[in-house]
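Please open the structure in your viewer and keep the selection tool at hand. The tour below goes from one selection to the next and says what is there.

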Number of protein chains: 2
Amino acid sequence: MENTINIGIIGIGTVGSGVVNMLTEHKELLKAKVGLPLQVTKMVSRSFKLESPIEGISMGEEPYEIIEDPSIDIVVELIGGLEPARSYIIDAISKNKAVVTANKLLISQHGFEILKLASERGVPVGFEGSVAGGIPIIRVIRDALIGNEIKMVRGIVNGTCNYILTKMFNEKKEFKTVLTEAQSLGYAEKDASLDVDGIDSAHKIAILSFLSFGADTRFRDVYYEGITNLTYGDLQYAFDLGYKIKLLGIAEKLKDGISLRVHPVMLPKDSILAKIDGVYNAVEVVGDYTGPTIYIGKGAGSKPTASAVVSDIVDTARSIYQRKKTKKGFSFLPRITKPNIVDISELQSKYYIRLEAVDKPGVLAAISGIFGSNNISLKYVLQIERHEGKTVPIVIMTHISKEKNIKNSLKLIEKLDVVVEKPVMVRAVDNETQWSKRRYGA
Amino acid sequence: MENTINIGIIGIGTVGSGVVNMLTEHKELLKAKVGLPLQVTKMVSRSFKLESPIEGISMGEEPYEIIEDPSIDIVVELIGGLEPARSYIIDAISKNKAVVTANKLLISQHGFEILKLASERGVPVGFEGSVAGGIPIIRVIRDALIGNEIKMVRGIVNGTCNYILTKMFNEKKEFKTVLTEAQSLGYAEKDASLDVDGIDSAHKIAILSFLSFGADTRFRDVYYEGITNLTYGDLQYAFDLGYKIKLLGIAEKLKDGISLRVHPVMLPKDSILAKIDGVYNAVEVVGDYTGPTIYIGKGAGSKPTASAVVSDIVDTARSIYQRKKTKKGFSFLPRITKPNIVDISELQSKYYIRLEAVDKPGVLAAISGIFGSNNISLKYVLQIERHEGKTVPIVIMTHISKEKNIKNSLKLIEKLDVVVEKPVMVRAVDNETQWSKRRYGA
């Protein structure tokens, strides 16, 4: 139909169904806002079949029925993964179709290639659904804060990890117990490694970084650590010291480059990010004019992600509405520069360290000697229980120290006969918004 | 210049200077993002003169030099107030110029008239700077959550009140002391009534309401109360009961209409909104697909507001860039409906009530008798000190009650000989996100 924006959806999962429902339920509202009706005309899936047909939507199994259909204006890719998703998107853009995707893995690795092609073709590409579902963080950074030089983006961007950390702390349970529960409830994947090892957060921080800094940063540039070695005890010790532990993704612009990293952080327990619990996500963006701004919402789920995909469809539809008249679409291409990535070893922070060591005379002296010779001064040393000859936890907070000195010390400490497990280390911050100023001596 | 977006600014205050600085500092960045350079070519002010001229900007005193200049694409109105700002904007739109304004008073009263004219003319109008400066809340509601039916918007939208309440609580000071300090520091106006009486918040909630609900709601539809009758004692009693008091603006869609109101609210002290202190603003938006989302940032100030105005300039410039080719611009016109406004007397809530009463036998019985005969049951009654024959505070928390019953009771209680001051009443909520479901029996 000439006077309709026709949409084809590749991949029918929970998000795809959510998109169809939202477009159907709010059909009149959206028509009023776009100027033309939005109509899903085709959906394809190789694995899934609808129980009953939906009026006006033809179902198929072959993605190229959508990509090569001249009547389709917008191709929505919701199958996820690198291939064949990448080829579908590249081929759709090559056929001058607008593309909307929620594929964080793909965008975090091939975002630049895709946006470059889209820009050359004058074709809009939306990927709001790829980061923090219900929080419109892509649009905020791309449009709303557009006049700002972004200094830092950081946040809780993986709901599974946040759910696990929240449960561990509230219910005094260990990581594996909570993970197993979360898996049986469907809150975590059977293979949870993408989430709990920090990889998913690293994908998202790569995307937020290239949007914020207009720089060619990708997943491979992000240093990441997960939450698998944290115990309930660590969360409780942290709390007793005035902190909550959260897994943060962080992208910040420094004098000499960009630092991209994902790792657990001890945040002051009264700070906003420390209060974000369960499946909620929160992203803090610091612009040079706005100062710090924070965005909070549900990070995943069929409905919040559908909301993100639909907002992209509307944005895209508006520019198609214009393009139908001008033959030239709006496109977004960040300035492509390859920045210097500052290594994690350059980080400066306070550090929480927990050791499991045999309680005997001379142990603390040996440990503090190693820290001292690495220029690390200790703020607290808490030996929780005293059981001469048994293994006891020793909890240490350092003053601000260099990451490379910490890691050197831990390597030496690990080799001590009296230390029985790999030490646990968590970086700590005291002041929420001033954090980035203190590190790297900047 | 044909290949430039030319901007004229009416009103040179702190925001105007911020806008010029931002456009100058980030000139290249913005040019890359818009596709054309953005150039301020004229600024006018009747009261203010620049000490030294700015290259490329002609200065004047007559606003119609901008409004009637055919080379100007975007008119930025930053003088505030109803007239002559309204006429300038109407005349600019009538000359097919795009308009950007940060004028909350004007938009809260004449927003519909202005948007209607703009829509007929196909001219874009931006007003991001009118609500919550550094928080891009207009764009979030208008674009990012576009597929959602918005159920509720509420938030801390007046930085002056939030600063005063924060200071009162943290420094154990009374309202008048803190207000005087804030005035001498320039954080509050000499005539602070617009802020502390809740009027400014009511302007903003009127704007957020018409954006969220696409309904013709204006300032006159908003019930408002300020913070002038709150004492340090009220904030401390509330805290002891587990709450912080914040001035909230609230717009919510109910079964039988829309409720628009501004009044102090007791929020659970662990909730996100309760943690927003000082000059920060926070707005919570509940969409049917996203669920609750929260947006936090600086609500006022030259730089955050300049950021909002510049994001409107960019958005507007992009549509002009299109319009130069299509002769048709994008415009935003909410569905104009006149909704039923639900009266505040229909509210159901818990209520905190503080009375100053003479401590003598029978006083509590008389007071609780009045509540009882109005169907109000009391959760706590705290008589803070005992001084037979002297005036003492009595703090009461009710169970969920009807506002009209509370107000009837207070009228009767006020007339008791033993009650020496007008009672203070603050509405309380226990569950942050579930709040709206509980009231109105909905």
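Residues are numbered from 1 along each chain as its sequence is written, and chains are lettered from A and ligands numbered from 1 in the order in which they are written.

**The sheet of chain A**

Now widen the selection to strand β2 (residues 38–44) of chain A, which pairs with β3(A) in the parallel sense over three bridges; two strands count as paired if DSSP finds at least two bridges between them. These strands belong to an open sheet of six, in the order β3-β2-β1-β4-β5-β6 (chain A), with parallel pairing. Its edge strands, β3 (58–60) and β6 (125–126) of chain A, each pair on one side only.

**The sheet of chain B**

Move to chain B and select strand β1 (residues 5–10) with strand β2 (residues 38–44), which run parallel and are joined by six bridges. Within this pair, B:Ile5 has B:Leu38 of β2(B) as its bridge partner.

**Where the chains meet**

Next, show both chains: 44 residues of chain B are in contact with 44 residues of chain A, where contact means that the C-beta atoms, placed from the backbone, lie within 7 Å. On the side of chain B that touches chain A, the largest share, twelve residues, comes from α12(B). Then select β12 (residues 291–298) of chain A and β12(B), which run antiparallel and are joined by three bridges; here A:Tyr295 has B:Tyr295 as its bridge partner.

Finally, colour chain A by pLDDT, the predictor's confidence in each residue, from 0 to 100. The mean for chain A is 87, and 91% of its residues reach 70 or more. Where pLDDT is low, the predicted coordinates should not be read in detail. For the complex, the predictor gives an ipTM of 0.85 and a pTM of 0.88.

Notes. Predicted model: local features only at pLDDT ≥ 70, side-chain atom pairs only at ≥ 80, totals over all residues. Contact = placed C-beta atoms within 7 Å. Helix = DSSP H or I, 4+ residues; strand = E, 2+ residues; numbered from the N terminus.
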